[in-house]
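Student: I have a new structure open and would like to learn how to read it. Could you go through it with me, feature by feature?

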Amino acid sequence: MSSALLLLLGSGLLLLTACDVFITTLTLRGGGPVVGAATHLGWSGLLAVHRRGPWHGLLSLGGGLAVALSLSLWVILLAVGWGMIFAGLPDAVVDGSTGAPADLASRLYFAGFNLFTLGLGDFRPSGPLAQALTVAASASGLLGITLTITYLGPVVSGGVSRRALAGEISLLGVTPREIIAAGLDQGAGPFASRLQGLGPAILEMAEKHLAYPVLDYFHSPDPRLALPLRLAGLYEALLVLACGRDDHTKVVRDYQAVLEAIEIYVRRLGPHAAGGKGVAEPSAPDLDGLTVDHERVRAGRNAAAPTRRRLRAMVERDGWTWGDVTGDPADGPVPRA
């Protein structure tokens, strides 16, 4: 491979890595193209294994594995990119004791080592250009480590917030029927007061997912702490209460704020998690014995069909089934691992 081609490929890899790190850590647009594709592929593999089991314990490792995969990819791309740069300059790296030009493997070693330290002296740069490039390689490694540490803090915090929000919603009820029954028993006013703060919390989590898409892979094996299940169940319940009970229409604005927040949340997750394309509309929760206007509920549910399909896609993308939302075995619940 010619020196010019090595320099071109190395520069391209470094530029790609810099863009990927920048988009992932310093913007609110989500993961970069490399990290986004790699983590999506990795999660799809875990899902394929899980669906043979199922193994929720395996999926619970997904968040950590996605973060580790992202960091490993950045290090590998930087090391290979700088290695190609040094390989494209014939006399850029020499043996520290003999002064002989280093071979390709030694140049890759030199590039990788200098991402984190200034080397051991067994190989050294030769000439002003190589010395400047060595400093640049060390600076890129230091900057990458700093951005990574800055990135990890919000990701871990977001994973904790995700489970905390799911737990808060589960206090209203685990299935849509339980939430609806609680709303009917408590009355519109007291029940609506329990929803206060949920809308802003869901919107905040939606923005965190947009900024840190890796949060999609922080799976909870406990269904009470699984946010996709809890959001889907809450959405189904509030649709019924908002449409099917005249006494609850007085607080429909409180319900609507939470419903709209959930709709924004599923749109923030992107096409892989919540596109809804090709997903059948989910079944309705069991309303037998509950005093609601079934015709109005059906009309409201039809109007919300796109969001309901996105919610089903989100639930299944997290390794659950719609039966885990409704509690109905006919909807195909996933056995617990």
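This is a predicted model: local features need pLDDT of at least 70, side-chain atom pairs count only at pLDDT 80 or more; totals for chains, interfaces and linings use all residues.

Student: How many helices and strands does the protein chain have?

Tutor: Helices (H or I, at least four residues) and strands (E, at least two) are DSSP runs, numbered from the N terminus. Here the protein chain has 15 helices and two strands.

Student: What does the radius of gyration say about the protein chain?

Tutor: This value is taken over C-alpha atoms, and the globule rule to set beside it is 2.2 Å times the number of residues to the power 0.38. For a compact globule of 337 residues the radius would be near 20 Å, but this protein chain has 26 Å. Along the principal axes, its C-alpha atoms fill a box of roughly 90 × 35 × 30 Å.

Student: How do I read burial and surface?

Tutor: Buried means under 20% relative accessible area, exposed means over 50%, and partly exposed is in between (1.4 Å probe, protein chains only). Of the 337 residues of the protein chain, 47% count as buried. Accessible areas come from the Shrake-Rupley method with a 1.4 Å probe, and for residues only the protein chains shown count as cover. The accessible surface of the protein chain is about 15,400 Å², and carbon and sulfur atoms hold 64% of that.

Student: And contacts?

Tutor: A contact means heavy atoms within 4.5 Å. Among the contacts in the protein chain with a separation of 6 or more, 74% join residues 24 or more positions apart.

Student: Which residues touch the most other members of the largest nonpolar core?

Tutor: In soluble globular proteins, nonpolar side chains tend to be buried together. A nonpolar core is a set of buried Ala, Val, Leu, Ile, Met, Phe, Trp, Tyr and Cys residues joined through side-chain atoms within 4.5 Å. The largest one here has 48 residues, and Leu195, Leu234, Leu238, Tyr255 and Tyr265 touch the most other members. Elements giving two or more residues to this core include α6 (128-170), α7 (176-186), α10 (227-244) and α11 (252-268). The most comes from α10, with twelve residues. There is also a second, separate core of 17 residues, which includes Phe86, Phe110, Leu115 and Leu133.

Student: What does Tyr255 touch?

Tutor: Leaving aside neighbours within four places in sequence, tyrosine 255 is in contact with Ala188, Phe191, Ala192, Leu195, Leu238, Leu241, Ala242 and His248.

Student: Which residues of α7 are buried?

Tutor: An α-helix has 3.6 residues a turn, so residues three or four places apart point the same way. In α7 the buried residues are Pro176, Ile179, Ile180, Ala182, Gly183 and Leu184. Their cover includes α8, α10 and α15. Just after α7, glycine 187 has a positive phi of about 90°.

Student: Why does leucine 229 count as buried?

Tutor: Leucine 229, which sits in helix α10, counts as buried because its relative accessibility is 0%. Beyond its neighbours within four places in sequence, leucine 229 contacts Pro223, Val315, Trp320, Thr321, Asp324 and Val325.

Student: Is alanine 284 buried or partly exposed?

Tutor: Alanine 284 lies in the loop between α12 (270-274) and α13 (294-303), and at 36% relative accessibility it counts as partly exposed. Not counting residues up to four places away in sequence, alanine 284 touches Arg301 and Arg308. Its C-alpha atom is separated by 62 Å from that of threonine 134, 150 residues apart along the chain.

Student: Where do I find threonine 148?

Tutor: Threonine 148 is in helix α6 and is buried, with a relative accessible area of 14%. Apart from neighbours within four places in sequence, threonine 148 is in contact with Leu71 and Trp74.

How values were computed: Residues are numbered from 1 along each chain as its sequence is written. Side-chain values use heavy atoms; hydrogens and water are left out.
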